[in-house]
Structure formats: C-alpha cells, structure tokens
Amino acid sequence: MTTQEIFDTLQTTLDKLDDAGIDDSSKRNLHILVLQLQNELITESFNSLKDIDSVTVADTSQLPVLAAGVQTAIDDEKARTALVEKLIATAKVGLKAAGIPIP
Amino acid sequence: MGCGTPAAVKKLSSAQAATMVSYEQSLKLYFAAIVGFADAQVTTANHLIDLNTRQINAELRAATLEEINKAGPPPPDRGAALSKYTAAIQAQNALAETQKAKIAGLVAKLNDKQNEMMSAFQEMTKAQQKLDEYIQLRKTNDVILDELTGILGVNRAKVDQATQDITHIATDIQLAATNLKGGSK
C-alpha cells in the first residue's frame, strides 16, 4: 500500500465520521493523522530530486588547459606568418633592386 | 605545400561556434524557467505545510480544552494538559520546519546541478571558440600561397578551384582505371 493509498483510506474514514456527525477525540486524532500524512506526501513529492547530484556532467576540466595549448599554437602561427611576410617583403625588395619586376 | 584551411572547414567551424553560443543562451533561459517553477512549487508546498500545521495545532488545542474542561472526578490536571499541549505544538512546528528544510535542500540540489551543467557548457563553448580562432587564422601557408599567386598574377580563389578540379579529375581517372581493370577480368 502506498502512502497515497493510506492517505486516501484515512480521508475516507474521516469523511464517514463527519457524515455520521461524530465529533470526539478519536475523530480529532484521525484528522491530525490525515494532516500529518498530507505534509509527508507534500515533502515526498520532491523526492525525485534526491539522486540528481549523482547525474554525471561531462568532465570539462581539461578543456581550459587544452585551450591554452591552442592559444600557444595561435601565437606561434602568428609569429611564423609575420616572419614569412617579412622574408617575402625583403625578397621583393632584393628582386626589385636586381631589376626584376614584382607585381 | 598545403593550401591553408579550406573555406568549408572555416565556415563549419564558425557556424558551430555561433550555434554553441546561441544554445548556451537557450540553456540559460531554460534553466531560469526551471528554477522559477521549482521555487513556485516550494512556496506552495511551504504554504500547504503551514496550513496543515495550523489545523493540527487547532485540533491539539481543542483536545486540550476538552481535557481541561472535563468534569471530575477526578478533577482535571490543567498544568499537565497545558504542558502536553505546548510540547505537542512545539514538536509539530519542529516537524514542519524539518519538512520545509528537506524540500529546500532537494531543490538546492537541482539548482546546483543546473549550475554545474551550465558551467560545463560554458567551458565547452569557450574551447570551441578557441578552436575556431585557430581555424580562422591566416596561416603561413596562406601567406606563401597568396604571395606566390600575387606574383604570378593569378587569383587565389581560382587556384583553389583549379586544385579541386584536378582532384576531381584524378579521382575520376582512378575510378575509370579501376572499372577498366574490373571489366577486363
């Protein structure tokens, strides 16, 4: 029997006592029990979140380190490109001085 | 000599990085909606627990009054009845607070997990953007090829297209040769 089913049974019994016009300490105790159970049910309705912290999230801890490596590669490539551009410019000047026309 | 990063690769990389940034915004909005929904549920649950607790306390009070006003003999022990009532109400209120704290704890777990997921996705987006930065970079090969084609007076795009055409022709020839071999058997 689930908590909800127990709650429903108690509530039905309480309704029957109400209909019969019974108003004594037993009915009061039953009403308290129904209300306490209702509070327990409300609390239990959040239980689906109980194991959420065990859900694994992709491990991204290595990404910043690897991104730093890519940044180094970017810096190296930029330096290499600048060097090549400088070499080509120097070569062009040399060729021009030698009388070879460069567009 | 290579031909630098192909335009198709650059386009995909750029689109992928933009998609991830856009998706990150969607996730942020989605998680904010979930947090709002969960908070509203907590407020409702707390309200119901308080309401029920007040009703329980009212029933306890009625029971105590009944006991106090009971006709003897023996005469009712009013002090004992009031002490019992006070203890019961304290216990009931403490239980309600425990239940509310349990709910708050569970919802906090949800928020923590969402923050963890969001942080992970932000790291993934940053990494993708860094990768895209490298892919979009004008590399040494591009410089050399651009200069050479410039010297020769040829358009770089035409050279790339010619390279692709040659590759296609080479593939076609290879296929034709394979078919020829297969047919001669």
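**Entry 1: helix α1 of chain A.** I began with helix α1 of chain A, residues 3-19, where 17 residues reach 24 Å from the first C-alpha to the last, close to the 24 Å expected at 1.5 Å a residue. For the expected span I took 1.5 Å times one less than the number of residues in the helix. Helices here are DSSP runs of H or I with at least four residues, strands are runs of E with at least two, and both are numbered from the N terminus. I then looked up burial and found α1(A) hardly covered, with 0 buried residues among its 17. A residue is called buried if 20 or more other C-beta atoms lie within 10 Å of its own, exposed if 12 or fewer, and partly exposed in between, with C-beta atoms placed from the backbone. After α1(A) comes A:G21, which has a positive phi, near 70°.

**Entry 2: basis of the model.** I note that this is a predicted model, in which local features need pLDDT of at least 70 and side-chain atom pairs count only at pLDDT 80 or more, while totals for chains, interfaces and linings use all residues. Residues are numbered from 1 along each chain as its sequence is written, and chains are lettered from A and ligands numbered from 1 in the order in which they are written.

**Entry 3: chain A as a whole.** I recorded 3 helices and 0 strands for chain A. Its radius of gyration is 40 Å, well over the 13 Å that the globule rule gives for 103 residues, so chain A is more spread out than a compact globule. The radius is taken over C-alpha atoms, and the rule is 2.2 Å times the number of residues to the power 0.38. Along the principal axes, the C-alpha atoms of chain A fill a box of roughly 120 × 25 × 20 Å. Buried residues make up 8% of the 103 residues.

**Entry 4: A:A91.** I located A:A91 in helix α3 of chain A, residues 63-97. A:A91 counts as exposed because it has 12 C-beta neighbours inside 10 Å. The C-alpha atoms of A:A91 and A:Q38 are separated by 87 Å, and the two residues are 53 apart along the chain.

**Entry 5: chain B as a whole.** For chain B I recorded 4 helices and 0 strands. The radius of gyration of chain B is 38 Å, well over the 16 Å that the globule rule gives for 185 residues, so this chain is more spread out than a compact globule. Its C-alpha atoms fill a box of roughly 120 × 50 × 20 Å, taken along the principal axes. Of its 185 residues, 10% count as buried.

**Entry 6: where the chains meet.** I found that the contact takes 41 residues from chain B and 35 residues from chain A. Two residues are in contact if their C-beta atoms, placed from the backbone, lie within 7 Å. On the side of chain B that touches chain A, α2(B) gives the most, with 21 residues.

**Entry 7: the nonpolar cores.** I looked up the largest nonpolar core, which has 7 residues: A:I42, A:F46, B:A45, B:I49, B:A96, B:I103 and B:L106. Such a core is a set of buried Ala, Val, Leu, Ile, Met, Phe, Trp, Tyr and Cys residues joined through C-beta atoms within 7 Å. α2(B) gives the most to this core, with 3 residues. A second, separate core of 5 residues includes A:V34, A:L35, B:I56 and B:L60.
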